[in-house]
Amino acid sequence: MPRKPGYTSYSQSLDGSEMSADELEFLLAVAAFQRRTGRRYPTWREVLHVAHCLGYRKIAEPTPIGEPHPFPDAEPGG
């Protein structure tokens, strides 16, 4: 029987999967949450819980979200 893609299908070695350390940490934390709860698709509340568990807190006033813009540490052209 063919193996279904699972939580281990996340990989840094695939083409187009260059991630920052923060992105990789978040991805692995969500994957750990999925394994622990047995739920493939977390709710937004659960995603926020994972972010809080990683130490993320709101420290600045919110800014409007408009067109997608690269993160400040993103490399140009990538």
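A salt bridge is taken here as a side-chain nitrogen of Lys or Arg within 4 Å of a carboxyl oxygen of Asp or Glu. The model is predicted, so local features need pLDDT of at least 70 and side-chain atom pairs count only at pLDDT 80 or more, while totals for chains, interfaces and linings use all residues. Residues are numbered from 1 along each chain as its sequence is written, and side-chain values use heavy atoms, with hydrogens and water left out.

Under the salt-bridge rule, the count is one. The pair is Arg39 and Glu46, whose closest N and O atoms lie 2.5 Å apart. Arg39 is partly exposed at 35% relative accessibility, whereas Glu46 is buried at 18%; buried means under 20% relative accessible area, exposed over 50%, and partly exposed in between (1.4 Å probe, protein chains only).

Glu46 sits in helix α2, residues 44-53, helices being DSSP runs of H or I with at least four residues, numbered from the N terminus. Leaving aside residues up to four places away in sequence, Glu46 touches Phe33 and Arg39, where contact means heavy atoms within 4.5 Å. Phe33 belongs to a set in α1, with Phe26, Ala29 and Val30, that meets Glu46, Val47, Val50 and Ala51 in α2.

Helix α1 (residues 21-37) packs against α2 at an angle of about 120 degrees, with the axes 10 Å apart. Axes are lines fitted to C-alpha atoms, for helices over the stretch in contact, and angles run from 0 to 180 degrees between N-to-C directions. The two helices are therefore oblique, as angles under 35 degrees count as roughly parallel, over 145 as roughly antiparallel, 65 to 115 as roughly perpendicular and the rest as oblique.
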